[in-house]
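Biologist: Could you take me through this model, one topic at a time?

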Amino acid sequence: MTPPLRIALVVGSTREGRFGPTVARWFEAVAAARTDIELTVADLADADLPAHWTTDLTPRGRAFVEHLAGADAYVVLTPEYNHSFPASLKQAIDITGPVWRRKPVGFVSYGGLSGGLRAVEQLRPVFAELHATTLRETVSFHQFPFDETGTPHDTDTAAQAATVLLDDLHWWGHALRTARQHDETLSETA
């Protein structure tokens, strides 16, 4: 039996009053209905990462990096700020650079008219440089379409988009995990 795919949902905004946790709770609930994945949340607001690049991390910072390193795949949850993604997210990606290598990355985005899709497009070349595989399928929320309970107004469409993303992430996650294991076996026998 194949073990569940370990996915880390990275909440990419640290701003006070941010909308990200609402979207994260919804996505986490959608993922919880599946038995083929194991989703955990890695919130940058709790990571205690430094404002400048360094390898000297606090215990919470090291725990954040270890959390990401243990994942087989990622979903990056990003808002769009000024046609791009938050500086805190870029800093976290840079600090944790090696953990993304040869792993798939999916995106959930939110914000304004574009639904955060411009931020996603800016993130793709960043992850390409880290040898990560970004997925075409995304989930995006335009103009914050959630009610007061944290449920999307168009629940069916949002859930369908999340299912397509998770299905694709599951396929790529298993394929790349198998390839990484093959590479490890080859290096052990060399």
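**Helix 4 and its surroundings**

Modeller: Helix 4 (residues 117-129) has 13 residues and spans 19 Å from its first C-alpha to its last, close to the 18 Å expected at 1.5 Å a residue. That expected span is 1.5 Å times one less than the number of residues. Helices (H or I, at least four residues) and strands (E, at least two) are DSSP runs, numbered from the N terminus.

Biologist: How should I read the numbering and the values?
Modeller: Residues are numbered from 1 along each chain as its sequence is written, and side-chain values use heavy atoms, without hydrogens and water. This is a predicted model: local features need pLDDT of at least 70, side-chain atom pairs count only at pLDDT 80 or more, and totals for chains, interfaces and linings use all residues.

Biologist: Which residues of helix 4 are buried?
Modeller: Ala 119, Val 120, Leu 123, Arg 124, Val 126 and Phe 127 are buried. Buried means under 20% relative accessible area (1.4 Å probe, protein chains only).

Biologist: What do they pack against?
Modeller: The buried residues of helix 4 pack against strand 3 (73-79), helix 3 (87-95), strand 4 (104-110) and strand 5 (133-141). Contact here means heavy atoms within 4.5 Å.

Biologist: Changing topic, what pattern does the protein follow along the sequence?
Modeller: The pattern is β-α-β-α-β-α-β-α-β-α, with 5 helices and 5 strands.

Biologist: And how much of the protein is buried?
Modeller: Buried residues make up 47% of the 190 residues.

Conventions. Buried < 20%, exposed > 50% of the residue type's maximum accessible area, 1.4 Å probe, protein only.
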